[in-house]
Amino acid sequence: METKNLIKALFSLNEDGYITGYQQEFWDGKEWQTPFDTTDAVEVAPGDIDTIVMGATKLIDGQFVLDTSKQAELEAEANKVIPTPEQQMINALGLQNAQLAAKVTTLTEKLGARADAGLCKTDVRVGLPDRGLCRIWSNHPRRIQANYRQ
């Protein structure tokens, strides 16, 4: 393979001037090819192209300049954990469960007060968002039962 000290490269830049893509001259086995318009192409060392970090490198005065804070930002975004649909559903159910538990606790306190006053037979129905009707009842001052249906 024939090598060159400098090859032509055409860079795509974002609005902040960071390199987001490039095309480069290549050896096809017979001759050097540039399958792009070379009007805005620049000549760079082939090894320098390997140092480009997409979205974090700029070409300034013919030199590649890496913005390490931008690189860290891009790496953090790329490594961010995105919950799966199943994890999102589990989280939503956990939240609904916590909301239901809070309402049951409030009603339990009310039922306990009634039971202490001698009103042991209590039946309360509460509409809960996304869970339907919740029925909480007590036939005994120390035992409270609950169920819900859509």
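Predicted model: local features only at pLDDT ≥ 70, side-chain atom pairs only at ≥ 80, totals over all residues.

Student: Why is D61 called exposed?

Tutor: Exposed means over 50% relative accessible area, buried under 20%, and partly exposed in between (1.4 Å probe, protein chains only). D61 has a relative accessible area of 77%, so D61 is exposed. The residue lies in the loop between β6 (57-60) and β7.

Student: How many helices and strands does the protein chain hold?

Tutor: Helices (H or I, at least four residues) and strands (E, at least two) are DSSP runs, numbered from the N terminus. By that rule there are three helices and 10 strands, in the pattern β-β-β-β-β-α-β-β-α-α-β-β-β along the sequence.

Student: Why does A56 count as buried?

Tutor: The relative accessible area of A56 is 0%, so A56 falls on the buried side of the cut-off. A56 lies in the loop between α1 (46-49) and β6. Leaving aside neighbours within four places in sequence, A56 is in contact (heavy atoms within 4.5 Å) with Y18, V65, L66, D67, K70, Q71 and L74. The C-alpha atoms of A56 and Q71 are separated by 5.2 Å, although the two are 15 residues apart along the chain.

Student: What makes up the largest nonpolar core?

Tutor: A nonpolar core is a set of buried Ala, Val, Leu, Ile, Met, Phe, Trp, Tyr and Cys residues joined through side-chain atoms within 4.5 Å. The largest one has eight residues: I7, A9, F11, I19, V44, I49, I52 and F64. Strand β1 (residues 7-13) gives the largest share of this core, three residues.

Student: How do you know that F11 and F64 are buried?

Tutor: F11 has 15% relative accessibility and therefore counts as buried. F64, with a relative accessible area of 18%, is buried as well.

Student: Why is the pair of F11 and F64 called edge-to-face?

Tutor: Rings of Phe, Tyr and Trp (its six-membered ring) pair if their centres lie within 6.5 Å; planes under 30 degrees apart count as stacked, over 60 as edge-to-face and the rest as tilted. The centres of F11 and F64 are 5.6 Å apart and the planes stand at 75°, so the pair is edge-to-face. This pair links distant parts of the chain, with F11 in strand β1 and F64 in strand β7 (residues 63-66), 53 residues apart. Ring pairs also join F11, Y22 and F64 into a cluster.

Student: What makes K58 a charge over the ring of Y18?

Tutor: A charge sits over a ring if NZ of Lys or CZ of Arg is within 6 Å of the ring centre and within 35 degrees of the ring normal. The charged end of K58 sits over the ring of Y18, 4.7 Å from its centre. The charged end of K4 likewise sits over the ring of W32, 5.2 Å from its centre.

How values were computed:
Residues numbered from 1 in each chain as written. Heavy atoms only, no water.
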